[in-house]
Amino acid sequence: MKIMIAEDDLISRRVLQTNLMKWGYDIDVAVNGREAFEMITRPSPPSLLISDWMMPLMDGPTLCRAIRDLDIARYIYIILLTTKGEKKDIIHGLEAGADDFLTKPFNQEELKYRIRIGERIINLEHRILQLANTDALTGMMNRRAFMERLEQEIERAHREQTALSFLISDIDYFKRVNDTYGHQVGDLVLQCFCQTLKEILRPYDFLGRYGGEEFVVCMPGTMDDQARSVAERLRKAVEEKEIIHPETGELIAITSSFGTATCRLALRERTDDLIKRADEALYRAKEEGRNRVVS
Ligand code: GH3
Ligand code: MG
Ligand code: MG
Ligand code: MG
Ligand code: MG
């Protein structure tokens, strides 16, 4: 876990640095509030901040408030260090968004265990986010998380005028798989299907489970021809994949259909319309006989 120290006093900073290193943490150091704030807005911010109250340029409570006003994905747990032990100061610090505080001079062992409390909360948050965003069966992004990310990517595509394609895939006659082999084997087939897609996708493409046996892929920076060829590679990989029945050893063959659509930048196309076009293409792929890609 990465901890940031924001402290203008050299001696206090050194003591904190030494102890945090001894306790095994990664450390970022800032010598005043403004520097701390700037570092926090950069990529890979710390999970926990230990901040002095009195600092030049920006004091601890102001730093707290500025961090809480930021739109960042992860919560930063803040411990304020203060010589101000009075109730009204403590309330002021907590009001500004601090999670905890220690009155200087403080016991280093106490700090160690207060950091532990912060770690527990951060880990819980991490776990909750993971559960909220992940599909339990496949481990992929669930529909909600995917849609959130897709919205962001479409916004970016419009802002930067870069291509973006989207595809939706649906396993053909999946109900038969369930009917023939049972729901548990159906689940396994879903996992294999998803894994097959994932292996072929490029690092910047992202995959989500849209519904039962429907998966969606966002391909940033991808034009329509490229999107079709990605979909075609996925289709072929699924067709060629040999899924082995875990008990009987039988080979279970599946195919899948794909609809692709490329975002219409000139029309400032919205997410709903892009999905609708891909969905209509998928519908045609089914109509035209399945195991194919339609755009
Ligand atoms: P089509 O080619 O038209 O797509 O036919 P299909 O049978 O795949 O279509 P349909 O959408 O009618 O059936 C999808 C089936 O997927 C029905 C549902 O029971 C099954 N299903 C949805 N979610 C799960 C799941 O999590 N596990 C399993 N085993 N089956 C699921
Ligand atoms: Mg100070
Ligand atoms: Mg169907
Ligand atoms: Mg289906
Ligand atoms: Mg379906």
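How many residues of the shell around ligand 1 are nonpolar, how many polar and how many charged? I looked this up to open my notebook, and the shell divides into 5 nonpolar, 4 polar and 7 charged residues. My classes: Ala, Val, Leu, Ile, Met, Phe, Trp, Tyr, Cys and Pro are nonpolar, Asp, Glu, Lys and Arg are charged, and the others, Gly among them, are polar.

**Ground rules.** I am reading a predicted model, where local features need pLDDT of at least 70, side-chain atom pairs count only at pLDDT 80 or more, and totals for chains, interfaces and linings use all residues. Residues are numbered from 1 along each chain as its sequence is written, while chains are lettered from A and ligands numbered from 1 in the order in which they are written.

**Ligand 1.** I found 16 residues around ligand 1, and D172, F174, K175, G186 and G212 come nearest (a residue is near if its C-beta atom, placed from the backbone, lies within 6 Å). Helix α8 gives the largest share of the shell, 4 residues. At least two residues each come from β6 (164-171), α7 (174-181) and α8 (183-200). These labels are DSSP runs numbered from the N terminus: helices are H or I with at least four residues, strands E with at least two.

**The sheet.** Next I traced an open sheet of 5 strands with mixed pairing, in the order β7-β8-β6-β11-β12 (two strands pair if DSSP finds at least two bridges between them). Strand β11 (residues 256-262) runs parallel to its partner β12, over 2 bridges, and F258 stands opposite V293.

I located D52 in strand β3 (residues 48-52). Is D52 buried or exposed? D52 is buried, because 26 other C-beta atoms lie within 10 Å (20 or more means buried, 12 or fewer exposed, in between partly exposed; C-beta atoms are placed from the backbone).

I noted a cis peptide bond between K104 and P105, with omega about -5°. P105 sits in the loop between β5 (100-103) and α5 (108-133). L57, not a glycine, has a positive phi near 70°, and I found L57 in the loop between β3 and α3 (60-69). R268 also has a positive phi, about 50°, without being a glycine. R268 is exposed, since 10 other C-beta atoms lie within 10 Å.
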